[in-house]
Amino acid sequence: MICTGKEILALAGSDPFPARSPGGKDVREMVTVLATKPKTVPSLPIRRPAGAGWQVELFRVDGRFALTLWRPVPGRLLYMDPEKDLGVSGTTRSWTTIQKICGILGG
């Protein structure tokens, strides 16, 4: 998926992730860049699996960006595909990758 540097800098400037991620220090912040803005957004958050043992939480959609928290569990690889819930193709990267891109862009 292709987006502009301006879009990435705007996302980063909005401080999109909670100050304290739920679930502990092992939670990873992820961003999915979508091909287009979803026509509709389901009720959020969506957790997989549902309940206290969730591994992935889609908690925010900001234009063409879907924001998720990923809590890996050893021996159980689960990653929610936000594209399925939003009906739009996309590609997912870690928030640290997005921050590095912002650094290259001078943001």
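Ala35 counts as partly exposed, at 35% relative accessibility; that class lies between buried, under 20% relative accessible area, and exposed, over 50% (1.4 Å probe, protein chains only). The model is predicted, so local features need pLDDT of at least 70 and side-chain atom pairs count only at pLDDT 80 or more, while totals for chains, interfaces and linings use all residues. Residues are numbered from 1 along each chain as its sequence is written, and side-chain values use heavy atoms, with hydrogens and water left out.

Ala35 sits in the loop between strand 1 and strand 2. Helices (H or I, at least four residues) and strands (E, at least two) are DSSP runs, numbered from the N terminus. Not counting residues up to four places away in sequence, Ala35 touches Met1, Arg64, Val88 and Ser89. Contact here means heavy atoms within 4.5 Å. Leu78 is 43 residues from Ala35 in sequence, and their C-alpha atoms are 23 Å apart in space.

Arg64 belongs to the loop between strand 3 (56-62) and strand 4 (65-70). Is Arg64 buried or exposed? Arg64 is buried, because its relative accessible area is 16%. Leaving aside neighbours within four places in sequence, Arg64 contacts Ile2, Cys3, Glu7, Thr32, Val33, Leu34, Ala35, Thr36 and Lys37.

Strand 3 and strand 4 form a hairpin with two residues between them. In the turn, Gly63 has a positive phi of about 65 degrees. The two strands run antiparallel and are joined by six bridges. Strands count as paired if DSSP finds at least two bridges between them. Strand 2 (residues 46-48) also pairs with strand 3, in the antiparallel sense, over three bridges. Val56 of strand 3 stands opposite Arg48. In strand 4, the bridge partner of Val56 is Trp70.

Now the backbone. Most residues other than glycine have a negative phi, and most peptide bonds are trans. Where are the cis bonds? One joins Leu44 and Pro45, with omega about 5 degrees. Pro45 lies in the loop between strand 1 (28-34) and strand 2. Another cis peptide bond joins Arg48 and Pro49, with omega about -20 degrees. Pro49 is in the loop between strand 2 and strand 3. Asp15, a residue other than glycine, has a positive phi near 50 degrees. Asp15 is found in the loop between helix 1 (5-13) and strand 1. With a relative accessible area of 60%, Asp15 is exposed.

Step back to the whole chain. Its secondary structure comes to three helices and five strands. From the N terminus on, the elements run α-β-β-β-β-α-β-α. The C-alpha trace spans about 40 × 30 × 20 Å along its principal axes. A compact globule of 107 residues would have a radius of gyration near 13 Å; the chain has 14 Å, which agrees. That radius is taken over C-alpha atoms, and the globule rule is 2.2 Å times the number of residues to the power 0.38.

Buried residues make up 34% of the 107 residues. Among contacts between residues at least 6 apart in sequence, 64% join residues at least 24 apart. The chain exposes about 6,300 Å², and carbon and sulfur atoms supply 55% of it; accessible areas come from the Shrake-Rupley method with a 1.4 Å probe, and for residues only the protein chains shown count as cover.
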